Structures are given as C-alpha cells and as structure tokens.
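Here's a quick briefing to read with the model open beside you. We'll go through ring pairs, a helix crossing and a few individual residues.

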Amino acid sequence: MKVLIRGAGDLATGIASRLFHGGYHVLMTEIAEPLTVRRTVALSRAVYEKEVEVEDLKGVRVETIQQVWEALCQRKIPVIVDEHADICRAFRPDAVVDAILAKKNLGTRMTDAPFVVGVGPGFEAGIDCDCVVETKRGHTLGRVIWQGSAIPNTGIPGNIGGYTTERLLRASASGELRPLVSIGDSVEMGQVVAYTGGVPVKAQMAGIVRGMLNAGVDVTEGLKIGDIDARCEWTHCFTISDKARAVGGGVLEAISGFEKKNLPEMRVDFSFSSGEQEALVWKSIEKQYAIVVLAAGNSTRFGENKLFVGEEGEKLYQRILRKLEAFPEMMRIIVTRFPTIVKEAQAKGIRVVYNGAPELGISHSLQLGLSACIEQEPELQGILFMVCDQPWLRVRTIADVLRMAADHPGRIICAGSGGQSKNPVVWDRAFFQELGELQGDIGGRQVRKRYPEKILFVEMEEAEGKDVDYPADWNARMS
C-alpha cells in the first residue's frame, strides 16, 4: 500500500517510522518553510537539507512524481513541498494521513483516498475522515476513534517530567530568531537561551534543550520556538519520542486493519499513468454526477422543525452541509424553504432551490432538484439524492455510492443494510423521466419497485441509515 502523510514534523515522522517498518510506501508533504521545533527527529528537515536521517529512516526532498517513485524504490521516504497535497492525484495513495497538527482540518477530505486518517483535534470520524487517532498524552494516547473526535485542544502542553507550560520556549517578540544554545545543551532556569526580534528569551526551568527552531527564521511573538526536557536524557533529543511512536502505532493499527479487510490482493503500482487514470475516474464522477439534498419537509411527526435540532452547537442541517463540503467540485443542490439554511448553503457555494409547497410531498422536492440539475447540466449521467435527517450517514458511504454508480451505468445504486435499501440513492439518467412523473410523499420508492433487477447495494452500517423522524430517534448513536 501507498500512504501519503500530510506534514513531516516530529509526530508525523513517528507515524512514518511505524508505517515504513510495517512495509508501507510513504510519501510526506510539507510547507515551504517548516517550523518544526523538534527538527532533529523530523523528516521536514529535508526541505532545507535535501537529504536527512532520523534513526534508520532516510528522507529525501523531491520535486516531481517521477522522483517520488525513484525514492520509494531506493527505500527512502520522499518529502515534497506541497502545502495542499496536490500530488495526491498523481500518487494515488491507498491511504492519506493528515498529521499537520493544526488543531483544525486544513483541507483533507474523505474522497482523497480509499482510507483517510485524521491525527489529533479538528477532525470528526465519518465526516472528515474514516477515523481519528488521539494525540493527547495520557491513558487514551494513540487510541483509534471510529466515531467522534479527539480530545479538544486545551492549550496546555502535556506533562513531561512534571512540567507543562514551563518547558516551552516562546518568542518574546516578533522578528528573527537567534538561538544561543543548541539542541542537546543543558540550561538553567532564567538563562537567556535565544533572542527573537532582539528581545531575550529565558528558560523557565532547568533541563536539556530538546527542540529549537532553525537560526534565522522569522517568528511571531508568542510562537513556540523551543522545548526543554527536565529528564535530561541526551539521547531523547535525537530519537523519536514515546508520544510519536504511540500515535504512529494507532495509525498503523487503523491502516493495516483497513488493508486486511478491504485490499487482500493489492499490489503496488508505481506507474505515473495509473495515477492519472485514477484522477480521471474521480474527475468523471465530479462532472457526470450531482448531489441533491432534500430539506423542505414539515417535520410533522417530530413536533418541531427537526432540521434545527442539534448537539454540541451543530444543527442537523449544518451537519449535512458540512458533509457536502467533501465534494467541492461537484454540482451540489439543496431543496429547502428555510431562510437560515438558504443563507448558510449559499455561503458554502451550494446552490439553493426553493420549495414553497412542501405539502405536495417529497416527490415535489425531488422533482425540483431534478429539474435544476438537468437545467444546469443536461448531459448528467446520474443524480445522488439524500435527505437532511440522516445525521449519522458517513461521507465515505456517499463516495462509495457514487463510485458504484460510475462503475454500473444504467442502474439504481442504493445505500443499504441487511438487504433493505436506504438513502442516499443514485438515479441513472435512464430513470429521470419516471422520477419527474412522481406524485405524493412516497418518492423514488415507487420507481424502485418497478425495477428490482436494476438495483445494486452499497452496504453501510445500520445506524447510518436511521432517519430522525421522532424526538426519540435523536438519542440514537452510531454503535
């Protein structure tokens, strides 16, 4: 398997080490000027030094996809300056790991690869990625999370040797960094260890300098520029940390489990053309298919407008809009009548179709969405219809249904569990006319009953297909 890791800092390097020794082919991306404090144990140094070593790992800076293949064949880890991981299209990774550690998602989507892992806070399993790996020191460090998110960032560093905030060195002022000590040096509390913008930076504790940014970099006031370790183990300054290994172990567990379950006969293909072919496949889906969300109902059984019910500050409709963000290049339409949803959808670049007659049933919303799609792109191959009251539906399932539709034109592709069809459903253009003739509140089920031999299923977890029809349904959770 090929794995692309976004980020090449010390934690990402710990992940790369686990995967590399597990037999995976690893490519890492970085920004043009990495600010890695623990740079002696980070492959991000390759950006500055061209070729580096961390323990038994050899990292090399590359510029092209061909150089990536060459480095992999030499059992090296290629590092490429590519802030947005655009090389993903050509590399065609089997898994993507976002280890940028920005405490928020900077652009990773479930559609980037067959399997996507988010590292640390800022990701939600099932929406941004397939799983999240915990990074907070403590009992759950390295745990693989299949539903939900990592522990939120507290802003307080983990406890090492009895110290938390004291062990960090932060810029006293904005400007050029001029270190007075090197990684591996011992320092005393109160000692001036660097200057930033001409202002001294003093150690808040005694210990050994475990990390320090490169001399000459421009920093901003308050930025972390160094790290002191009270344990005073010199070797710790030049070896991968226990935390990085634990997090790397969680990533390895997730990816190897996916490999054994889904890809038993996978073989590595280093051909550039195969990467281009995969990119063209998804490009074809983006051009030939559309997504329509139906969100105009009266919520009669719920007793109030269920679309505005939520948890942790996120309403049900907002959860669906966030899932649509995983498909930015596709035609995305939401059929609704609620001004708040209209405003937020438009702000996200999602086209809104207004339904002023919800009493005509779901078939009317379906037809409004259908007409809008055909009007915008008459040659569409198919449309994925989904409802707005399936809060536990995974982005991965949406992508799998679209891929199945692209592989089987002329069919009706349903997500389902236990042999029962659920939403979302992709309708091929062969059924557009019949969908346009529907009436009432039954929707596409009328057409599906006529063509049972045309239906194909994409299996999903039972909880994903649950609708929130009654208040009690909202208490349901993914098992």
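How many aromatic pairs does the count come to? The count comes to eight aromatic pairs, where rings of Phe, Tyr and Trp (its six-membered ring) pair if their centres lie within 6.5 Å, with planes under 30 degrees apart counting as stacked, over 60 as edge-to-face and the rest as tilted. Keep in mind that this is a predicted model, with pLDDT of at least 70 needed for local features and 80 or more for side-chain atom pairs, while totals for chains, interfaces and linings use all residues. Residues are numbered from 1 along each chain as its sequence is written, and side-chain values use heavy atoms, leaving out hydrogens and water.

**Aromatic rings**

- Phe 308 and Tyr 317 have ring centres 5.1 Å apart and planes at 55°, so this pair is tilted.
- Phe 308 is partly exposed at 28% relative accessibility, while Tyr 317 is buried at 2%; buried means under 20% relative accessible area, exposed over 50% and partly exposed in between (1.4 Å probe, protein chains only).
- Phe 308 also forms an edge-to-face pair with Phe 338, at 5.9 Å centre to centre and 90° between the planes.
- Phe 338 counts as buried, at 10% relative accessibility.
- Elsewhere, Phe 115, Trp 146 and Phe 258 make up one aromatic cluster.

**Helices**

- Helices (H or I, at least four residues) and strands (E, at least two) are DSSP runs, numbered from the N terminus.
- The axes of α1 (residues 10-21) and α5 (residues 242-262) come within 7 Å and cross at roughly 50°; axes are lines fitted to C-alpha atoms, for helices over the stretch in contact, and angles run from 0 to 180 degrees between N-to-C directions.
- That makes α1 oblique to α5, given that angles under 35 degrees count as roughly parallel, over 145 as roughly antiparallel, 65 to 115 as roughly perpendicular and the rest as oblique.
- On the α1 side, the contact residues include Leu 11, Ile 15 and Leu 19, and on the α5 side they include Val 247, Val 251 and Ile 255; contact means heavy atoms within 4.5 Å.
- Over in α7 (residues 316-324), seven of the nine residues are buried, so-called mostly covered.
- Tyr 317 is among the buried residues of α7, along with Leu 316, Arg 319 and Lys 323.

**Val 247 and Leu 141**

- Val 247 lies in helix α5 and is buried, at 0% relative accessibility.
- Setting aside neighbours within four places in sequence, Val 247 is in contact with residues including Leu 11, Ile 15, Val 119 and Leu 141.
- Leu 141 is found in the loop between β8 (131-133) and β9 (144-145) and counts as partly exposed, at 22% relative accessibility.
- Not counting residues up to four places away in sequence, Leu 141 touches Lys 243, Ala 246 and Val 247, among others.
- Leu 141 and Gly 122 are 16 Å apart, C-alpha to C-alpha, and 19 residues apart in sequence.
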